[in-house]
Amino acid sequence: MFPRRILLVLAAGLPLAACNARAPVKVAAVDDPAAWYIGAMPDQPYDVPLVDRSRMDPKYRRQVVAYAGPEKPGTIVVDIDERLLYLVQDNGEAVRYGVGVGKLGFSWKGTATVGRKGVWPDWGPTATMVSLNPDLPRSRKGGLDNPLGARALYLYQGPRDTLFRIHGTNEPWSIGEQMSSGCVRMLNEDIVDLYNRVPVGTTVLVKRHGKYRA
């Protein structure tokens with residue numbers, strides 16, 4: 001059984017938005033967050049909560065699919081309309097993950113690269129977020145209650161941090177949804193899988209209406 005104390009920690013982290021560019025907005029309440037979890041995957045320094053995928057639309061479960069796009073193997077492609085992220089492989093296939101996309105994700109344009117990667121990363125608000133909500137914590141250490149989840153990919157354009165993130169979430173029910181805030185979120189177990197597959201320097205492209213957002 002999933003430890004009750006960990007579920008309480010997960011629930012405590014719900015009100016914070018994940019990405020560092022807008023004020024956080026609360027998401028709709030879920031009657032029983034504990035019902036979404038079935039165990040944990042060993043990790044350091046915290047175990048990764050495992051989600052009961054039977055509660056999800058099968059479309060958003062991690063799977064290998066046929067892929068005929070022109071992108072080079074190793075490229076990440078985020079389809080923000082479909083709420084799907086593809087990691088292109090070299091054999092006409094891709095690893096496909098379900099994602100949740102916030103307003104910032106819908107505004108994201110251009111090509112980015114993974115500038116750095118974080119394991120159980122810390123979270124902190126920008127000056128703009130603090131000005132809009134002075135009661136925000138100035139930082140939150142990485143952990144089960146952190147809105148960036150178990151891993152984060154920090155997206156850069158050249159030397160500039162775009163403030164867009166692909167990251168884990170402690171709100172698994174938000175996968176496949178358009179959220180009120182945040183960037184691109186994945187199940188914690190899925191962001192761990194993606195993190196392990198991609199190096200710093202990986203190209204990240206975004207599609208909307210079937211076209212790249214340039």
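Modeller: Take helix α4. Its buried residues are N188, E189, D190, I191, V192, D193, L194 and Y195. Buried means under 20% relative accessible area, exposed over 50%, and partly exposed in between (1.4 Å probe, protein chains only). Helices are DSSP runs of H or I with at least four residues, and strands are runs of E with at least two, numbered from the N terminus. Eight of the 10 residues of α4 are buried, so the rest of the structure largely encloses this helix.

A word on the basis. This is a predicted model: local features need pLDDT of at least 70, side-chain atom pairs count only at pLDDT 80 or more, and totals for chains, interfaces and linings use all residues. Residues are numbered from 1 along each chain as its sequence is written, and side-chain values use heavy atoms, leaving out hydrogens and water.

Now the core. A nonpolar core is a set of buried Ala, Val, Leu, Ile, Met, Phe, Trp, Tyr and Cys residues joined through side-chain atoms within 4.5 Å. The largest one has 25 residues, and I76, I166 and L194 have the most contacts inside it. Helix α4, residues 188-197, gives the most to this core, with three residues.

Look at L194. Contact means heavy atoms within 4.5 Å. Neighbours within four places in sequence aside, L194 is in contact with I76, L85, L87, Y97, L153, I166 and M186. There is also a second, separate core of 15 residues, and Y37, M56, V88 and L187 are among them.
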